[in-house]
Structure formats: C-alpha cells, structure tokens
Amino acid sequence: MLVNKHAVVVPLERWMFTTGLHVELALLGWILQLVMGTAYWILPRYHEEPKRGSPVLAWGSYTLFNGGLLVMAGVHLYVLPAFGALAGRVLLLVGVLCFVLLIWPRVFAFMRKD
Amino acid sequence: MPRMTRWFLKTGLIYFLLSALLLIWMEWPGGGAPPGLQALFYHLLMVGWVTQIIIGVSLWLFPRASRNKPRDVKGIHVAVYTLLNAGLILRALAEPGWFGQQAGWTGPVLVGSALLQWLAVCGYAASIWQRIRRR
C-alpha cells in the first residue's frame, strides 16, 4: 500500500477497499490470530487428555476464523459479491465463539482445589 | 529476558509514547497538525508498539529451535529490528509530506520504507517459523 502512494499499483477507485483488506489481514489475520494461538498454547491445561480442550472446537475455531478472513478478502478484491461480507462476518463470529467456548474453562487460578 | 527482547520492548514503549503524543497533537485545538497523520498514528501504534512487543516476547518465550541453539542475539534478529525501525522512521518522516504535496521525495521514501518493513517481516517469519512447533 505504501508503494501505491508513489506509483499506482492499485487503481484509486479500489483504494478504500484495499485499505479494508490491509486492516483485516493485519489486525485479524496477524495480531488477533497470534493472540488466540498463544492463549491456546499458554493458558492452564487440564490434567487429562485432551489437555488443551476439545480438538473439535480448536479446529473449528481455526477453520471458521480463517474461512471468514478468506471470504472477506474475496469481497475486498471483488472476487465475491458484496453481500458475501455478511457470510464472512458470520464465519468470523462463529470462529470466535468456538474459541471462547474452548478457552473459557481454561481461565482459572493455579492451585485451585476443584 | 534476552537482550533482543529488551530492545524490542523498550523501543515499542517509545513508539507507544510517541503515538500518544501524536494523538494529542492531532486533537489539540489550533495545534497545526498536518493532514494524514491518522494513518501514521495507527502504524506507530500497531507496528511500532503492538507488533514490536509481539516480536520481542515471541523471541523470548517461544520454544527454542533446539537445545544447542540458545536464545542469544542473532544477526537475523538485529536485522529485523533495524529494518523494521528504519522503515517506520522513514514512514514517519515522509507521510506528512506526502499528504501535503503527493510528489517529490516523499513517494520514493515511502516505497523504501515499505520495502524495509516487508524485509523485516520476512526475516522475522523466517527466524520464528522453526520455533512454532511442539516442545
């Protein structure tokens, strides 16, 4: 995008949409996904397998979240129609919901008795 | 805490302060802030502060590639630090001018800044990739 400020790589009429894609990839694809991955790795684990919670929820969260990001990228790049954005957002939301369900029981104090 | 982590964290804290100062300047009545500083504010915050914190902490806490490879300062980490910060500083210098005139020296400097930051991201990805694995 910075290169575009010197020489037009992306046509200006698409500029705002490309900015949206840049923000989605940087904030959701990089920072939020890194936070989710690190939380999954580092939060307290269970004593019994599966120690990090349901693998179905974990893979579901990963797949839905990244599926939503791909759909949003398709909308920003005009590969998918504009109403696809709603589907992309729903996928992202369900992915986040799976993550919350997965992580919620793992947020507890160490040394608890129960 | 490894030395490179301290560099990333302390530099990130400086960007955090700078971005807050920039925000005050932008909001100050009659402060005379040039247009286009909002994009610079977000990049100082998200690249200078958040990304730099993430890089520093991941170099410190992620599993080591092997027992034989301690978490010492490595050339590639110094290169990532230098490229990322040089790119950000160049952007901070050129961005206000670009919005003012959209020509002249600012365009090529912004291209250089983009390339430096992209190289930094490539270097970081290459150096951390093998450390994202099972313990």
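Trainee: How many residue pairs are in polar contact across the interface of chain B and chain A?

Mentor: The rule finds one residue pair there, both at pLDDT 80 or more. A polar contact is a pair of N or O atoms within 3.5 Å; within protein, one must be able to donate a hydrogen and the other to accept it, and residues adjacent in sequence count only if both atoms are side-chain atoms. This is a predicted model, where local features need pLDDT of at least 70, side-chain atom pairs count only at pLDDT 80 or more, and totals for chains, interfaces and linings use all residues. Residues are numbered from 1 along each chain as its sequence is written, chains are lettered from A and ligands numbered from 1 in the order in which they are written, and side-chain values use heavy atoms, with hydrogens and water left out.

Trainee: And how many salt bridges across that interface?

Mentor: Zero between chain B and chain A, counting a side-chain nitrogen of Lys or Arg within 4 Å of a carboxyl oxygen of Asp or Glu.

Trainee: Which elements of chain B touch chain A?

Mentor: α2, α3 (75–101) and α4 (106–129) of chain B each give two or more residues. Helices here are DSSP runs of H or I, at least four residues, and strands are runs of E, at least two, numbered from the N terminus. The largest share, eight residues, comes from α4(B). By class, that side of chain B has 13 nonpolar, five polar and three charged residues.

Trainee: How much area is buried?

Mentor: About 1,300 Å² between chain B and chain A, 77% of it on carbon and sulfur atoms. That is the accessible area (1.4 Å probe) that two parts lose on being put together, summed over both.

Trainee: Salt bridges again: how many over all chains?

Mentor: Two in the whole structure. In one, A:Arg89 pairs with A:Glu24, the closest N and O atoms being 2.5 Å apart. A:Arg89 lies in helix α3 (residues 84–103) of chain A and A:Glu24 in helix α1 of chain A, so the pair ties together parts 65 residues apart in sequence.

Trainee: New topic. What lines the second largest pocket?

Mentor: Residues from both chains, including A:Trp41, A:Ile42, B:Ile53 and B:Phe62. α1 (15–42) of chain A and α2 (37–61) of chain B each supply at least two lining residues.

Trainee: How many of the lining residues are charged?

Mentor: None; the lining has nine nonpolar and two polar residues.

Trainee: What does chain B look like by secondary structure?

Mentor: Four helices and zero strands. The C-alpha trace of chain B spans about 55 × 30 × 20 Å along its principal axes.

Key:
On a 1 Å grid over the protein atoms alone, a cavity is a set of points where a 1.4 Å probe fits but cannot get out, and a pocket is an open set with protein on both sides within 12 Å along at least five of seven lines; lining residues have an atom within 4 Å of a point. Ala, Val, Leu, Ile, Met, Phe, Trp, Tyr, Cys and Pro count as nonpolar, Asp, Glu, Lys and Arg as charged, and the others, Gly among them, as polar.
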